[in-house]
Amino acid sequence: MNLNEYASYDAIGLARLVANSEVTSAELADLAIEAVQRVNPQINAVIEHWTPTVTEGTGPLAGVPFLIKDLAITSAGRRVELGSRLAEGLVAESDSYLMQRFNAAGLATLGRTTTPEMAFSTETESTLQGPTRNPWDTRRSAGGSSGGSGAAVAAGIVPIAHATDAAGSIRVPAAFNGLVGLKPTRGRTSNGPALDEVFAGFGVQLGLSRTVRDSAALMDVVQGHAPGDPYYTAAPAEGFLAQVGRDPGRLRIGLLDTPWNGAALDSEIAEATQTVARELETLGHHVERVKAPLGISWESFVEANAHIWCATLVRWIDGLAAATSRPINLNTLEPATLACYAYGQQARAVEFAGALDVRNLIARNVAGWFDDFDVLLTPTLPRLPQALGTYSVGAETMDGLQWTARVFEHSPFTPVFNVAGTPAISLPLGMSLAQGLPIGLQFAAPFAAEDVLLRLAGQLEQALPWHQRRPEVWVGNA
């Protein structure tokens, strides 16, 4: 098997080759490492790689090369640096629960991917690790905070990679890189044992892939309660992979094409949204434009998130400083991170409690949207990928609230579903012909209704296929 053949398969396809003894997992790992060496210098998505210890298994992803994000997950004996100079060189002592499940599934983890510092950004350009470049146009952002995983999967280094999402960090790089990005329901996957809720329950973990079935299979092998987890969400009896390819039935779909902050859409994104809405009607679904009010102002929503995010960040940073014996200043943290740290230090308990009240309000309001609709359709992002180096302009003068507002302004359609805890998926259903860039569309569903999303996503994957599109940087071209 050569690199072109390797990159033509999704994760389930590679696992079937291993199961049928047509290729070994070790051979696939060697190809993945060769892929890193060939294309990573162009995109800077993988910051460290190694020869994996391959565990033979029988699951749907056994033997498949895999990468983990440099945040929120730990692999014993491997560095976990959170994209920060403060944590540089820090080595994990043990596997987190999610890492244990990746290993048990037979995934062959062979490296770490880039992340912005502390994942507090929807782009990936850290001082420690440098900018991650979009394989479709290396002058542009790969998104964030799972930008390294997104760029690696889009370029064909691996078919699937770990990712996290607390305000859009799975769905943003999915949209920018032309991938499938499923944010699961709160409680689907474990953040433990070192972490519990992650930003009061906003943060979840799963992955990025090139096919709907790969994302479904990944959730099958890692979902479920772990000891001490604060949330538990039961899975469908038949699992998630079984949903892909099933008829979703005639769904009531609400179309929201204006974000809650009122931002205008790029014209090609607006056009792609309307095209997908028409296709949904052709497939037999009922589509109707909706407003979906939050119940509070956008500014109040952002402020509540800033209180939770920044206060949580203080504990992370203090712990890292203690572990590495480094000072907390501009020599170890980027200006935006340091500003968020200072903002979090000033937060009062009553403000944090008030932010939890906002979480409750949003969760109740979002649940009400689905009284009349089965699914909500939005653009994943209002704008196409920006040029590298533009996102953080002016960060040195911002406080923590202003930086949070910058992050949420970039991705206004995604964080509501983190606050509500409901599932959402970004699918690469459009293309900018003028720019040659993928366009992601987001579908959101009620709490624990990933089965609905996966059935609909599978139907759209057939109706509007994206598999033959290839970015400028692709291992099959190497």
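**Entry 1**

I began with Asp70 and Arg112, whose side chains meet in a salt bridge at 2.8 Å, N to O. The rule I used for a salt bridge is a side-chain nitrogen of Lys or Arg within 4 Å of a carboxyl oxygen of Asp or Glu. This pair links distant parts of the chain, 42 residues apart: Asp70 sits in the loop between strand 2 (65-69) and helix 4 (97-104), and Arg112 in strand 3 (residues 108-113). My helices (H or I, at least four residues) and strands (E, at least two) are DSSP runs, numbered from the N terminus.

I then checked accessibility, with buried meaning under 20% relative accessible area, exposed over 50%, and partly exposed in between (1.4 Å probe, protein chains only). Asp70 is buried at 1%, and Arg112 also counts as buried at 1%.

A note on the model: it is predicted, so I kept local features to pLDDT of at least 70 and side-chain atom pairs to pLDDT 80 or more, while totals for chains, interfaces and linings use all residues. Residues are numbered from 1 along each chain as its sequence is written, and side-chain values use heavy atoms, with hydrogens and water left out.

**Entry 2: other salt bridges**

How many salt bridges does the rule give? I got 16. One of them joins Asp10 to Arg213, with the closest N and O atoms 2.6 Å apart. These two are 203 residues apart, Asp10 in the loop between helix 1 (3-8) and helix 2 (11-19), Arg213 in helix 7 (residues 212-222). Asp10 is buried at 10%, whereas Arg213 is partly exposed at 27%. I also noted Asp165 with Arg171 at 2.9 Å; both are buried.

**Entry 3: helix 5**

Why do I call helix 5 (residues 147-154) largely enclosed by the rest of the structure? Because 8 of its 8 residues are buried. Among them are Gly147, Ser149 and Val153. After the helix comes Gly156, with a positive phi near 90°.

**Entry 4: the largest pocket**

I searched a 1 Å grid over the protein atoms alone for pockets: open sets of points where a 1.4 Å probe fits, with protein on both sides within 12 Å along at least five of seven lines; lining residues have an atom within 4 Å of a point. The largest pocket has a volume of about 600 Å³, taken as the space filled by probe spheres set on the points. Of its 22 lining residues, Thr74, Val80, Ala194, Leu195 and Leu320 lie nearest the centre.
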